[in-house]
Amino acid sequence: MTVTENRPDYKWVGTRPIRHDGYDKVVGKARFAADRNSPGQLHGAFLRSPHGHARILSVDTSAAEAMSGVKAVVTGADFPDLPIGHPERDTAVNLMARDVAMYVGHVVAAVAASTRAEAEAAAAAIEVEYELLPVVLSLDESIADGAPLANADNRTAFSGSDDPSNLATVTPLERGDVDAAFEAADVVVEREFDTAWVHQGYIEPHACVVDVGADGKAEVWASSQGHFRVRSQAAAVLGWDTARIKVIPAEIGGGFGGKTTIYLEPVAARLSEKSGRPVKIVMTRDEVLRATGPAPASKSRIRIAATNDGELTAIDGWIGYAVGCTGDMAGFVGAMSVASYKFPNLKMEFVGALTNTPRSAAYRAPSAPQAAFAIESVIDEIAQALDTDPIELRLKNAVVEGDLTSMGGPHPRIGFVECLEAIRDSEHYQSPVPDGAARGIGTGFWFNIGEQSSATVNLNEDGTATVITGSPDIGGSRASMALMAAEELGLDVHRITPVVADTESVGFTDVTEGSRATFATGMAVVNACRDLVGELKARAATIRGVEVDAVAWVDGAAVVDGHDPLPLADITAKAKSTGGPLTVTASLNAGGAGPSFAVHCCDVSVDEETGRVEVLRYTTAQDAGTAIHPSYVEGQMQGGTAQGIGWALNEEYVYADDGTMLNASFLDYRVPVASDLPMIETIIVEVPNPAHPYGVRGVGETGIVPPMGTIANAVSRASGVRLTSLPMSPPKVLAALDDR
Amino acid sequence: MSNDATRRSRTHVSCTVNGDQVDFLADDGTSLLDALRDELDLTGAKEGCGTGDCGACTILVDGRINCSCLMFAPEAEGCEIVTVEGIAEGDHLHPLQQTFLEGAALQCGVCTPGFLVSAKALLDENPDPTETEIRYALAGNLCRCTGYDKIVRSVQEAAVQLRGASR
Amino acid sequence: MPRAHLMTPLRRFTDGEAVIEVEGATVGAMIAELDRRFPGIGEMLTKGASAAVDGLIHAEPEYLAVEPDADVYFVAPLAGG
Amino acid sequence: MRYAAPATVEEAQALLADDTGAQVFAGATDLVPQMRAGRPAPSLLVDLKGIDRLTAVTHEDGRWTIGAATPTAELTRNEAFTAAFPGLSEGAGLIGSDQIQNRSSLGGNLANASPAADSVPALIANDGQAVIATADGTRTVPAAEVATGPGRTSLADGEFIVEFTFADPPAGTGDAYLRMIPRTEMDIAIVGAAVRVTVDGDAISDATVVLGAVAPTAVVVPDAAAALVGTSVADGALDDAAATALAEAAEAACDPIDDKRGTIAYRRRVAGVLARRAAAIAVERARNGA
């Protein structure tokens, strides 16, 4: 279902063609990173730290180097020591520990050998002498007075201090007079919340094949969300010129933010350089869970004031994130997470604190789900206290265009109210709550980002087209690029071939994150097509012998008064005689990414004797701006929701006291399976983003923000007790029920 | 099975894969998944976990679904193996492949080969499954992109088409 | 004169002032002037902030033109997954 | 690592006698993950599925004989077996996904000696007898005596389970198995409960209650059975007092651990709940079958 506002009459945009890369993916031909083998390749394996925090006193690789099949061994000493403050120092340190191992699973050395088994055996034979250091495992431990340092290199960003600290970022936000507002409030609800570490859980483990030639040039076959970032990070970590490195984007088997940084490629490159052979490294699932991702655990305290007539007058809170062993991914965690309600008075502080756990990575709308879980829970409790409808309460306080975000800065045109109304009016919300069940509402949003993209559009001799971009296709973006090109050129979408090109074959393009591919790369495609249409009109003017001003481009043909329309294919057929090949490249740094809001509604039942929660029905409404390919917009909404349901109910890292992850498998790290979920009904709301030629907003991230609050609110209404700790696993729910 | 119960550590395996007779040598401890991918270059089946928990390596062995990561390569001796590369009939996609495409049942596509094989096994045995039966039959295949909605709907649609075709 | 609106963490440079009137035909020129008046804020605005102008958020907006009566909001740099 | 596929029990016995580093397997659904988690690789893999006797299912003279390596999918598909032992069939059918079901076996599930094995409580509740190949023949022991602790069994080196036998259940008998997992599939049981009852007239005349995942091995709970025997099911359901007594006895029999999958308190609580729920299903089946 789609709810649309004033949408132009498009021919291709908004249709649902079969994706161009689909055939290869249903017949098993698509090549993901691990599907690549190079002649003569070696296999890499890692030695990882068994300690949560330890100084590396010595590394003896001699026994490993003497073993059968071993061709190269590398350690931290094989990489340049980037200075503190270098933007890729944390990437480098995480790839390969230099002096200190900062979490269980931190790479200490790597081996390349003829077979994987030989490489693993040799890695195990490397002897490392450690001096154990104190392990900081939780947010509370990290921020405690006198806490040992999790990473002595860390400085608090923008604090002006050069003293080592566990605090990566401290971000206060304030407006109005919070104290006065709470004084005057009719209703105040305050709660504390916590959430566990969770992993992105992409099904494809990280993998790469790297071949460094004797000429020093490196060919990298990698699975990533952005191969230009792989190139730039690898260049920085290796100390190489960027131009030495060519990164070829393999198909990517899921990323969700977790493949926006690198773990393997520079190590494989060094091993390849040393051995003179291509080197393939494929992580095991165990390694993926122990040493990549995850998203930060959090703790929060949220207090909200309201009047009896339902105005939310103030929010006061603290949200802390345990960001893992380095601070570079912490950014202003949380700061961009509070912007859905007007809150005339606001006082928040967001903290990112280091722990001896894997360096955290982005996970769909990073830091927003933890915040939304807490805030949406408190708002729901206020609705219960005021005995008011949870959607009406939110409608009364929802931000609209011009309202300020928590950081300052007014919202552009946004569709939050429209999403609330879409759920309110939905068949689901209007239907009675099933017997024995309860219904929850939750909301979320993400700003989305623009950033740099490039696109080249080539018109072929026969009037077909090739659209070349540098954004890896994670979930159908090739089809979206082709649809926008089809609309611009007036060409059948199936006569367009969308291509994701390597770093030497298309202009620089930032990583696919922040829901930016269809927005920013799409904008580059549209710009290129528009320039191309200008060129087509000029060629048509030459052919017709008229001024270019006399040519219009209508439905894929040049139209000149008094002549039959001149179809695109007739112009490309005469390209040689009218000036040569028809090709245009466009590049941009896209501003104006549009925030995307979502409102979720779910029905749950709770087994009062076992604490088991069953999700019975789920509906999501999200503002897509304009859905270029509605099926893949729905897919993003459904996929984010399913991940959020996992985060809400069962997913969590379980650590032993020494920092060892105890559940590093898909058996015990419990992502939802098909039988855990109902259909996820979708309502695409289309409030066009004025900054995009088709009104696109990114849709990839927002879907994961509302589910935890939505489900917590439903479970709390079903059970009569407020659930404040994620995951809401059966033991935790049963304990909460006992405390009623 | 051979009467010579004791084998060398590298075993000659003879079986059919997607209808073709194939022979290959495999280390005894290697998984059938690795043998298919590395010896036969059939990389459709993926390793997502290596422990039977994700289903990305699902193949048909004598008509039944198996995690090829849990099979030792020599176990394939004499078996009929079908991988995702073998479920289309010539140029004609299997109805499941077609409905997966039309129904946008794949996003990243890395789990798709396993889902297609599992869903084919389900429909071969139960031409008219309920939504719940589909969900439980596919519970051994993890997908992290789609939330399963479009996968389940595509299997339902393929079931309708297959029943129509066999009428 | 354009107005620079500073998110809270930036106000430690301005003695708590949230809105500063500052000359500048581009965001970069505004940042230079702000840094002259409030030493240290420039690095943070350059490395650690995005700018929202006319409701649109821009990353690395140094050369973005600013109208004489514009409101420029300096906010956290955005990322995503 | 070598691989061997003997065709007879005797060939397998000879292989095991020759190589003390040999490891038998059927589906390897536990063996492969354990090897990937660091368990030393065996020198010889002995695949038992090629031995006809280990995959045979027969019903003769009032006894069922189930080859120890028979894929559990073959048991859940076997309508006569499932009608006779619905609880054992459902327990066997809960081991992993459909993919796993085509590999997993009663023999492997028992010999792996996980306290949480889903088929084991009902195997014991139905008085399954394990026929074990020894160095020079076979011996038969109750299935309950095979696992002695997590990962430990009473099987001597070189021994393996050949088959299980079960007597036809008496008239008016029903069994059921329930487990608690956080998801709906693909998890290891936090608690499992198998109950078998025989109903004579309007009362329960015989009962067995076996719990999984709440102690180092599956545990038979005589007190829980005693709480059922003699109680009336005249109105078609368990007597409330009997149900409560059953749950209390089940809780009392638990000796669980805190681990990544569940807590002591949670396991104990839910053991009582599942025992009660499984008993209700078993009674219903017993009455319907009677």
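This is a predicted model: local features need pLDDT of at least 70, side-chain atom pairs count only at pLDDT 80 or more; totals for chains, interfaces and linings use all residues.
Local features need pLDDT of at least 70 and side-chain atom pairs count only at pLDDT 80 or more, whereas totals for chains, interfaces and linings use all residues. Residues are numbered from 1 along each chain as its sequence is written, and chains are lettered from A in the order in which they are written.

User: Among the four pairs of chains that touch, which has the most contacts?

Analyst: Two residues are in contact if their C-beta atoms, placed from the backbone, lie within 7 Å. No contact joins chain B and chain C, and chain C and chain D do not touch either. Among the four pairs that do touch, the most contacts are between chains A and B.

User: Which helix supplies the largest share of the side of chain B that touches chain A?

Analyst: This contact takes 42 residues from chain B and 41 residues from chain A. Helices, which are DSSP runs of H or I with at least four residues, numbered from the N terminus, include H2 (95–102) and H5 (149–166) of chain B, each supplying at least two residues of that side. The largest share, four residues, comes from H2(B).

User: What is the radius of gyration of chain A?

Analyst: The radius of gyration is taken over C-alpha atoms, and the globule rule is 2.2 Å times the number of residues to the power 0.38. For 740 residues this rule gives 27 Å, and chain A is close to that value, so chain A is as compact as a globular protein of that length. Its radius of gyration is 27 Å.
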